[in-house]
Amino acid sequence: MKKALVRSAMIVLALLVLLPVLWTISTSMKPLNEVNMFPPKWTSSSMSFKPYSDMFFYLPFSIYTLNSLIVAASATVLTLLIGCLAAFSFSRFTFAGKDTFLLIFLLSQMLPGASVIIPLFQLLQTVGLYDTYLGLILIHTAVLLPFVIWLMYGFFQTIPRDVEDAALIDGCSRMEALRRIILPLALPGIGATALFAFLGSWNEFFFSLILTSSDSTRTIPVGIGLFVGEYIDVWNQMAAAAVLFSLPPLILFVLTRKTFIKGLVAGAGR
Amino acid sequence: MRKLTPYLLLAPALLFTLFVLVYPLVQNLINSLSDVSMITGNSGWIGLHNYQHVFEDTLFWRSFRNTAVYAVAGTLLALLIGLAFALLLNIKLGKFSSIMGCLYTVPWVISPVVAGFAWKWLLNDNFGIVNYWLSSVGIVPVGTSWLGHPGTALLSVMVARVWQFYPFAMVMFLAGIQSIPQEQYEAAAVDGATMVRRFFYITLPNLRAVGSVLLVLGVIWSFNDFNMVFVMTRGGPMNTSMVLPVLVREFSFVHFNLGRGSALSMVIFMLLTTLSFLYLKLVSRGEQA
Amino acid sequence: MRQKLLLTILLSLTLVTCGKRSDVVELHDWNFGGRARLIEFLRNRVYSFEAKNPGIKVIQSDKSWNMIREILYADFAAGAGPDVMNTHSNFAAEFGEAGHYYPINRFPDFETVKQWYVPHLMESTRYKDNYYGLPSSAIAFVLVCNRELFDREGIAPPKTWSQFREASKRLTKDTNGDGVIDQYGLVLMGGDKGGFAYRTIPFFFKAGADVMSEDLKTIMFNSPKGIAALKLFADMYQIDHSITPGFLAYGHSETNDLVSGNKAAMSIEGPWFRGMVSDKSPGKDVYVVAIPVPDDMIDQYTTAPTLQDMVMYSINAHSKHLNEAWELLKYLRNEEADMYWITQDLGATATTKKALASPEARNVKDIDLYINELNHARPWPPHPSMIAIASNVFTPYCQKAIVGELSPKAALDLAAKEAQDIIDEKK
């Protein structure tokens, strides 16, 4: 009896939590003249998937999607690569300046975006990376690195050194130990971190807006922003774009959630 | 060569951070001490003049107060909700828990820009579903303007922010709870401790580390959160929901005063750095104890 | 075999890249904002331009009007940016002053081109002694009235301030008898700082108040006439309660939703609003009339100025292809192109004399009203800080006066002082 009560409560909570999402889905299927009317209706007879196809005519979303995928995937891989090396360094070595370097990574999260944008823009311009995939990927990587390093550092710390030490005694090099022993053990943690990194890059709006200018590099969030026109706000198509845009990270999360939770359990246990 | 290994491993990450942190930081520092306008460029050294202007601006202090409330209250609320949900998900209901867990995590996955707009639609005074429900049962008058009333604008944005952040706390807390050794609970059960006592004397203390990390991260991220407030209120009505990151944009891109915008950025940076130092001090003291 | 393949690939790559380095001039053209129809038109216009000018290739990008300032400033700060772009005509002051826009009066055929346009509108692209763009999309602010609500009440759109206030009061009511007011006379766009200033200043202008002195040195909106204009709104909000209470959060779409949904009877808008309303609520019609004048100025009803705003197409002063950019500019904005503003509803008025005098112009709704208003309208003073002052000083103080936190006189005096400080600092 008690369990049934708990279950019902949890379902009600889920509905409440998902309210904004459900409303967005409802908006995405309405014709424009039914968005924002009184009294508000969840459904109507003229609902369809038309906004989902219209949005591709309004703006080249297929290109934006490709761009978002390329940038997010590349930034994730690059961040994990560099971040793992750095986290490994922090976790398994003692060296002069270690605390300073840790501090530097922590501090780099603390500058507001609006203040770093112009120097970064000038930097990209100078090296010819403005409005390119590489430029955006590099900036995203730099923004994601501190958090990724912090996460991976935590995961590495939870891996006991015994197996590693045994391998080292057997004549393995440090790097081999990293590759053959630590990384496989840290896989759940890497999975969790990869999800964070992907999400961070996929949803990023501000830098993507200023550091790209053409359709061939524009990402989805910037594209969604274009729906808010000077006079017209095409809410239904925007909602459709928002729904589609939220699907890849959602799917990724559902697919990897076991690894994700496992990774965080390991990390939180330190 | 051996001695250099850690440095070599660190090098790529450091290089990135150098360009994305050190360079803009130095640039901001220089700008903050000069008279720099978007229109006329750098007109020369003016020392602490920009900082003086910032500290004398009532809008700065209001933004500071708003940001502090937004960051601290918002994060605490998100942690509370996250903890509550984590406890719920900890109840062994098999696949059901797993599915619910996925659903509860959805707000975190949604882009902040999308979330901001979705909440704006929900909270619309005339056509929003929230007002429709609340006014039907008489809790609020018809047509209550959540985002248009000075008293409720910031709170409304905070609700959206909490909605987006609580899943992160929930997942971290859940992981934390599930890694508490069972022996502790068993020992307590043997001693006859009630569920409430077990929660306060076993669960909570074990979650202190996770909780404090979440608190610091949440506060830092909220302090720099531009998207939510910008999308939902732009800092209005009448600047009553203005927060520091949005104010930086105002100074730099609307007043065109890059010098003042940089000074404000430096102030935010130094504030967060101080907070982090204090946190690190607390943590190290806790570890020593 | 593999070597041959490699060689072929390398060769083709070299050829391709070599092909790029021919004498083709590349122009970058940024379109800020604009409806789908306009963007389509601009694309086609560019293709036809390329066909007529084989040595020029134009790369178009669409960008958000909302972040226009951030995007352009970030680019100009780095010495980059497009060759051709469209912005508000009042950017002439800021960008002209900063040397980012090219003074098009330097081109040899400028005097001829200048004659294409309504003189009054051409002047809006001028700052000091230079012209910084070609006019496009002119806007005059007018009063839009929900036809259904006005007809139902049996009143005509107002011409004087007293009529305006009376109409607003009568159209504020409880329509379904549940004891709650659900229809308001006037909706104000308080959530958009710039938009709010654009909608209140026309009343100042119509009353004969100025924003600044001619020499751009003194703030003048706190004159007795300006205070009277602000007091009108304040009284309507605090005494009549005929202005929508949630106005501080409203942007374009909320305003449209309210008028289209019969929840508000009047709004201060421009040529886009009629189309917006019928898009949202097909079949819905509106009365579009000039902004009302003070009672004692009724004889100046058709000549008192309203606020004018305009888009202009400009050339980046750092462009490496000034002459080609000028050719593109002219092609995008000549009389032939301007006809599109007549034959399509682009939410703005055409700007060339020829298009406005054409027979097709007769089919444009409210065209005579707009032509008249545009001939008398005034833009914001072309001071580089004008937009910042309007959004960040004028708007907050006016809003405080309307909701009753300050008296209209106190609000405008304080705003004037702050604005004056900003102007003086800029010297």
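Modeller: Two residues are said to be in contact if their C-beta atoms, placed from the backbone, lie within 7 Å. The model is a predicted one, in which local features need pLDDT of at least 70 and side-chain atom pairs count only at pLDDT 80 or more, while totals for chains, interfaces and linings use all residues. Residues are numbered from 1 along each chain as its sequence is written, and chains are lettered from A and ligands numbered from 1 in the order in which they are written.

On this basis, 19 residues of chain B and 24 residues of chain C take part in the contact between these two chains. The chain B side of that contact consists of 10 nonpolar, 8 polar and 1 charged residues. In this classification Ala, Val, Leu, Ile, Met, Phe, Trp, Tyr, Cys and Pro are nonpolar, Asp, Glu, Lys and Arg are charged, and the others, Gly among them, are polar.

Chain B also touches chain A, where 69 residues of chain B are in contact with 69 residues of chain A. On the chain B side, at least two residues each come from helix 1 (5-32), helix 4 (95-109), helix 5 (112-122), helix 6 (129-136), helix 7 (153-178), helix 9 (195-223), helix 11 (244-254) and helix 12 (258-288). Helix 1 of chain B contributes the most to this side, with 18 residues. By class, the side of chain B that touches chain A holds 48 nonpolar, 20 polar and 1 charged residues.

As to the chain that carries both of these sides, chain B has 12 helices and 2 strands; helices (H or I, at least four residues) and strands (E, at least two) are DSSP runs, numbered from the N terminus. The order of elements in chain B, from the N terminus on, is α-β-β-α-α-α-α-α-α-α-α-α-α-α. Along the principal axes, the C-alpha atoms of chain B fill a box of roughly 75 × 70 × 30 Å. Of the contacts in chain B between residues at least 6 apart in sequence, 69% link residues at least 24 apart. Among the 289 residues of chain B, 49% count as buried; a residue is buried if 20 or more other C-beta atoms lie within 10 Å of its own, exposed if 12 or fewer, and partly exposed in between.

One residue of chain B deserves a remark on its backbone. Most residues other than glycine have a negative phi. Met238(B) is not a glycine, yet has a positive phi of about 55 degrees. Met238(B) lies in the loop between helix 10 (227-232) and helix 11 of chain B, and counts as buried because 21 C-beta neighbours lie inside 10 Å.

The C-alpha atoms of chain C fill a box of roughly 90 × 50 × 45 Å along the principal axes. Buried residues account for 52% of the 427 residues in chain C.

Within chain C, strand 7 (residues 142-146) is largely enclosed by the rest of the structure, because 5 of its 5 residues are buried. Val142(C), Val144(C) and Asn146(C) on one side of strand 7 and Leu143(C) and Cys145(C) on the other are all buried, so that both faces are covered. Strand 7 of chain C runs antiparallel to strand 9 (residues 264-269), to which 4 bridges join it; strands count as paired if DSSP finds at least two bridges between them. In this pairing, Cys145(C) stands opposite Met266(C) of strand 9. Strand 7 of chain C is also joined by 4 bridges to strand 10 (residues 286-289), again in antiparallel fashion, and there Asn146(C) has Val286(C) as its bridge partner.

Ser137(C), in strand 6 (residues 134-140) of chain C, has a positive phi of about 45 degrees although it is not a glycine. Ser137(C) is buried, with 25 other C-beta atoms within 10 Å.
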